[in-house]
Every structure is written in structure tokens, then in C-alpha cells.
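Here's a quick tour of one protein chain, from the overall numbers down to a couple of residues. Have the viewer open as you read.

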Amino acid sequence: MSAQDAGLSPDDGGADLVLQHVTKEFATFTAVDDLSLSVPQGSFFALLGPSGCGKTTTLRMVAGLEMPTSGSIHINGKDVTDTKPYGRPVNTVFQSYALFPHLSVVENVAFGLRRKRVAGAREKALEFLDLVELGHLAERRPAQLSGGQQQRVALARALVNNPAVLLLDEPLGALDLKLRRQMQVELKRIQVEVGLTFVHVTHDQEEAMTMADTVAVMNAGKIEQLGSPAELYELPRTAFVANFLGQSNLLPGTVLDTGETLGVDIGGARVRLPASRAVSTTGRVLVGVRPEKLHLLGPGQEPAAGWNVLPNAVLTDVSFTGVSTLFRAEVPGLGTLSVFEQNQHGARAAVPGDEVRLAWDPTYTFGLDGDEDVDDGAVLVATGGSRP
């Protein structure tokens, strides 16, 4: 079903959302700090970050449930900063489904339309139940549905009201892992099909990367970095983004050679780094490489020509996970590095205590400011996304 088929006019739905220098202060802290962003029309946009970073407060300000201390919010070119929630062209889907237990599924979806006295409310509700593939359950009560089905009913109820922007506040958080992954695919399918602007708040990195066209990584009320999932993963610009979005090996070093390719000393080893992939190109830097880019070299194995090599590493842990194996290797002067290897030809015969070398293509290296904390963001991942 296209946006037009669903009754969603291009002039009304899918509008741009623009925040200009928005700040939200509470009595003891600043939740959102001078935040500006523009959400493109018809995109799936994710606000990703740990608990307490300001992402939910941002969403609540867009919905009108919180008022910004300063700054402005525009939807479809109209300033809605002081507009009441019911006057804004937005709908929100929360983690809790908030369905009416005494109403049938179709009547839950039609509820908002009936309050507005929209003609053909039941027929429109049935159209959107078909969109979320639940038309055959229209007459059931919410209690007769699974969690995933209830979430899809909540989604249909929000979409049927023709919002310019649909806000999703941790909508999959109450579902189990398997169902959550299924719903990620479903949400993206529905967003593409109706062509509306979705703004999704989550602390789940996989969820954001699976669904979103654009991700804004938030930290302490500010946006650390904004871009496509691939861009943020392959070329993080801060230690927080490198650690929070996936895993990274960050190695302190000093730039010795400049030019298009930097020569960096890390723990006595010389490695190369493209200057175009470095935030800092002189002095102290952090050399970053993702675990899956690293390769273990055992006795008699040689790296490809021009690759970076760290010698004298010793395996400290080997964890078989089925699809891949996670290795932990201690490198003198640099600490412990992580290596992911796909088990394409069976798991590597390696045990803790083995001496190896670590090698990787310099093309996949990135460089960060040397004054950053190598653990910034990593603690939040280890503790489930919460601030200590």
C-alpha cells in the first residue's frame, strides 16, 4: 500500500522535522544542550544513545509533552514550539502498547478517527490493519494477541491518524530478542511502504543500524555524530561513537610521518593510517580498528603486502560463538585487543597462550583525537547503556 493508497497526502505527511538550538534544563541538570538537527522528509531517523543522554527528552519535546527551555521546533516549515500536543501533526508509539482492553483490535485502531468524526473510520482502520498484516485479527481483543501483534496494532493506530511525523519511543523494548528482530524488519518495511518520516529513539545499536537511514548518536545532551549506519560504524569521529556503536580497539600513538598516509608509533610498532580517516594528523592520536578487521597470524603465516602488523601478541581468551570466534590477545605495551574471525572453514585451532601476530589492512584504520579517553562509551555498553 502506497502513501496515497493509505490516504496519506504528500502535502500533509512525511514533513521535515527541524530542531534549532533546542535546550531543555531541569532543576539540577541539562538534559538536552543546544541541539540542532534536521530530519529529511520520508526518512527513518534514529536517536541512539545510553540512558540519560537526552534522546527521550528530545522526543517528548517534539511531541509537545515537554517544553524546551530555549530553541525552536518546526514541522513542515511551521513553528510548533508552543503548540499543544493535540495540535501537532505527530503521533507516538510507546514501549507500552496502551491499547483499550475492552475494544476490539479494529475499534482500537479506529478510536482516534471516531473522536474526530472522520467518515469511514472502520474501513480506514481495516486498511491499516492490513498494512501491518493483522486484518484477519480485527475482531479480537488485545489480550488475545501476542506482544508483537499488540505492538503492530499500536503502530496501525498511530499511522491511521495521518501524522506528519511518527515518533517511536523504544517501541520494541518489551519484546523478546527473536520477536524484536522480526519487528525491526517489519517496521522498516512499513516505513518504506507508507513513506512517512519516522523518528525512532533507542539505546539498542543493532536496532538503530538495522532500521534507520540516518542515526544521530547522542551523549550528555549533545549529538556526538550524525550519519548513515555504515558511515558511523566504519568512520567514527569520537571514542564514544567508536565504542558505543559496536566494538573498537583504540590504541594510543604518536604521529611520526605526515602526508596522505600517516606513520604512527603505537607501543614501539609503526603502523600506517590514511590522513583522510583521521580527526587529528599530528601529535598524539588514537589509532582505531574494528575487531573483525584484524587477522590472527600463526607460525609461518605472513601478512599481505603493506598491512599493519603488531608482533609478539599472546592469546588470553578464545570464545566460540558459532558464526564467529572472539579472540582476546595481549600485546606488550598496548594491552588487550579483540579479534573477530568468521568460522567460514571451521573454527581456528587456537588456545590461550598461543603466540600470534595481529595484522590488518591500513585502509580500515581510523584516527581519533589523542586526548580522548579510550574507554569513553565502552562502560555504557558493558552496563547495558546506563550511565554509572
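What follows covers the whole chain, then two residues.

This is a predicted model, so to speak plainly about limits: local features need pLDDT of at least 70, side-chain atom pairs count only at pLDDT 80 or more, and totals for chains, interfaces and linings use all residues. Numbering runs from 1 along each chain as its sequence is written, and side-chain values use heavy atoms, with hydrogens and water left out.

The protein chain has 9 helices and 20 strands (DSSP runs: H or I of at least four residues for helices, E of at least two for strands, numbered from the N terminus). Its C-alpha atoms fill a box of roughly 75 × 50 × 40 Å along the principal axes. Of the 388 residues, 50% are buried, meaning under 20% relative accessible area with a 1.4 Å probe, protein chains only.

Now for the two residues, with contact meaning heavy atoms within 4.5 Å. Neighbours within four places in sequence are left aside in the table.

| Residue | Element | Contacts |
|---|---|---|
| Val331 | strand 17 (residues 324–331) | Leu310, Pro311, Ala313, Leu337, Leu358 |
| Arg157 | helix 4 (residues 147–159) | Tyr97, Ala98, Leu99, Phe100, Asn108, Val109 |

Val331 counts as buried because its relative accessibility is 3%.
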